[in-house]
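Subject: Handover of a structure and summary of findings

Dear colleague,

Please find below the structure that I am passing on to you. My notes on it follow, and I would be grateful if you could read them with the coordinates open.

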Amino acid sequence: MRRLLAGLLALCLLSAPLQARDSLPSETAVLVADSVFLEGDTRLIATGNVQALQDGTLITASQIVYDRSTDSITITGPIRIEEPGGTILIADQAELDQSLENGILNGARLVLNQQLQLAAVQLQRVGGRYTQLSKVAATSCQVCGPNETPLWQIRAKRAVHDQEERQIYFDDAQFRVLDVPVFYLPRLRLPDPTLKRAQGFLIPSIRQTSLLGLGLKLPYFIPIGDHKDLTVTPYVSVETTTLELRYRQAFRRGDVEFNGAVSRDTLSTDLRGYFFGEGAFALPRDYTLTFDIEAVNDRTYLEDYDYSGKSRLDSEIALTRVKRDAFFDTRLTHYQSLRAGEDNSLIPSIAADMTYERRYFPGGPRGGELRLGLASHAHYRWSEVDVDGRDVARITGDLSWQKRWTLPMGLRLGLTGGLAFDAVQTWQDSTADYRTDTLTPAAAVELRWPLMARTAGGTMHLIEPVAMIGWAGGDRPNTANDESDRVEFDEGNLLSLSRFPAADRRERGAQAALGLRWRAKAADGWHAGLTVGRVFREEADADFSATSGLEGASSNWLIAGQVAWDQGFGLTARGLLDADQRFAKAEARAAYNTDRFDIGAGYVLLGADTDEDRPDTISEWTFDGAYRVSRNWTLSTDFRYDLVSDQFARAEAGIGYRNECVEVDFSAKRRFTSSSNADPSTSFGLTVALKGFSTGGNAGAYTRSCRK
């Protein structure tokens, strides 16, 4: 502002006597006015629609008067100053010194970042850094007339805006809602909208739960330099005293975040707490290091405080590299179960994995693709009980070759051959062999016949019959099934030689797979797909569970499909149909998204299967949706319904209101009996965020326009 007005006066006085011009700065500006004239030897007057522009800052006024004898500048309004950073200053009249670092503006209004406006009877600039406002009212709500009352405002006897620190200090502050005083603070400090990180309180939230009662969370943010920060959140209710912590730090090649809490409550006589952490780093030679830590000292703590819904925690460190023709991954994982009745000493608590895969193309594209794979796995149980405390280590090597040809009439022929080696060692299991070494040769022939047609309406159809005949040899080792006890039979492994998820189990003997795939894409925006397939084996494999769909010599029918429209609707479904025309497993998901609402519904069916630790059938509906009632109001819901027990497993509803100056969210949640917590609970949450300050975010999308 100082440079702009100094340049303005320098430009205007080019016609003044030389000795007068010599004492003024030499900077230039663009000045437009109806008239510019001199009054005597010391007063320069620009009047009528005065506009001045320099360095992106625009000043608009009715009159500007510079008096060289007193080194003062008088500006007559209406005055409007627009700075490049988004700050707008509006006033009726201004008296400033020549340096423009000190002065008084009457009837002033300061608008920061086009969000927060501070109206004052008088505004005073001090030293070019501080802006002092007297009898000030601050709000980010749009006020379209002198008689309109903003939704909220801060009334204060005095306010100071520190432009360097980007902080606003209020004296004798009174917070009002619809002009009704709500509370009073003798001192109040808030960051202005341009500040991204500042020490101070963040948005508080009120939480009511049936377990913990009515409580308040008041987070306090502490920046530690430019690249790390700490957030301390006291949580106090009738039933608990909790301290939550969050630490974040960004590095040149990665970042970390740690979250934790410690609680003293009436639900337990012990001190309860949890600790979560995660991080990722980009290392030299395209390696990526990631880690996550998950630990809690009480099974129900995470759900009681709604920190997480996980029933099994995993802490892991991993090193990974992905290249065009190579993949490497190694990781160490620790598991902790929170499920009621599950003993952590009897589950594989520590697991180590290493995987390396490499592709080669001997002889170029005509020579096919050669793949080399190496893997190792080990898991450890804390128990020393025979069978239940079993520990296993495995090393696997896999060499395979595959090539595809295009035959006459568009037939696609594929050949695959390979040899796998598995070495498994088992401790503390008298029912399994201590050491097994197995060679598994395998070969397969795959045939596809893609047929394409276009209808008169422009719809493209692709029908592709597929078939595979394969064989895998080798003896079946006497080892425990710890890794492949849950098998997913889907479109991705229909033509695979082995559908077990890990190498501790392999399908052996002769087998065949038949399938039909259909795809369609219409010119008017819809597309669909359907896959039907079945597997036939020389003999049944006892390692497949009853609901895997692969238990017998002939598998269940795999049926999977999807359909979607560009208008926002989509449906996907997959199921395994057995010989009795009943689904052993099924899942479906439908969603419809528009500008006004988002709706999603899902269904899952898992039949009872003791081999998969599922004594009872699981049949559940899920539904989630959000409806924008108006520009400002939104309704949302999310629930899961258990059809077997004929009751809700989880239910949640919320309502939100947003405008240019406030954001309010209210939620109600009911959690019923879960695997880790036998006690149902109900919770309510309320969060109110004032827009216009850095803690409340930007609500520019909700800004209203005043009607004349």
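The largest cavity has a volume of about 100 Å³. Among the 11 residues that line this cavity, Glu83, Thr87, Leu89, Leu110 and Arg125 are the closest to its centre. By class, the lining of the largest cavity comprises five nonpolar, four polar and two charged residues. In total, the structure holds four cavities of 30 Å³ or more. Please note that this is a predicted model.

In soluble globular proteins, nonpolar side chains tend to be buried together. Here, the largest nonpolar core has 40 residues, of which Ile75, Leu105, Leu118, Trp152, Ile154 and Phe170 touch the most other members.

Is Lys585 buried or exposed? With a relative accessible area of 9%, Lys585 is buried, because this value lies under the 20% cut-off. Leaving aside residues up to four places away in sequence, Lys585 touches Val487, Glu488, Thr547, Ser548, Arg574, Gly575, Leu576, Leu605, Leu606, Glu612 and Arg614.

Beyond residues up to four places away in sequence, Asp353 is in contact with Asp329, Thr330, Arg331, Ser376 and His377. With His377 there is a polar contact between the two side chains, at 2.7 Å. Asp353 and Pro365 are 12 residues apart along the chain, and their C-alpha atoms are separated by 32 Å.

Although Leu53 is a leucine, it is partly exposed, with a relative accessible area of 40%. The separation between the C-alpha atoms of Leu53 and Thr139 is 29 Å, and these residues are 86 apart along the chain.

I would welcome your comments on any of these points.

With kind regards

Definitions and conventions: Residues numbered from 1 in each chain as written. Predicted model: local features only at pLDDT ≥ 70, side-chain atom pairs only at ≥ 80, totals over all residues. Heavy atoms only, no water. Core = buried A, V, L, I, M, F, W, Y, C linked by side-chain atoms within 4.5 Å. Buried < 20%, exposed > 50% of the residue type's maximum accessible area, 1.4 Å probe, protein only. Contact = heavy atoms within 4.5 Å. Polar contact = N/O pair within 3.5 Å; in protein donor to acceptor, adjacent residues only side chain to side chain. 1 Å grid on protein atoms, 1.4 Å probe; cavity = no way out; pocket = protein on both sides within 12 Å on 5 of 7 lines; lining within 4 Å. Points joined across faces, edges and corners; volume = space filled by probe spheres on them. Nonpolar A, V, L, I, M, F, W, Y, C, P; charged D, E, K, R; others polar.
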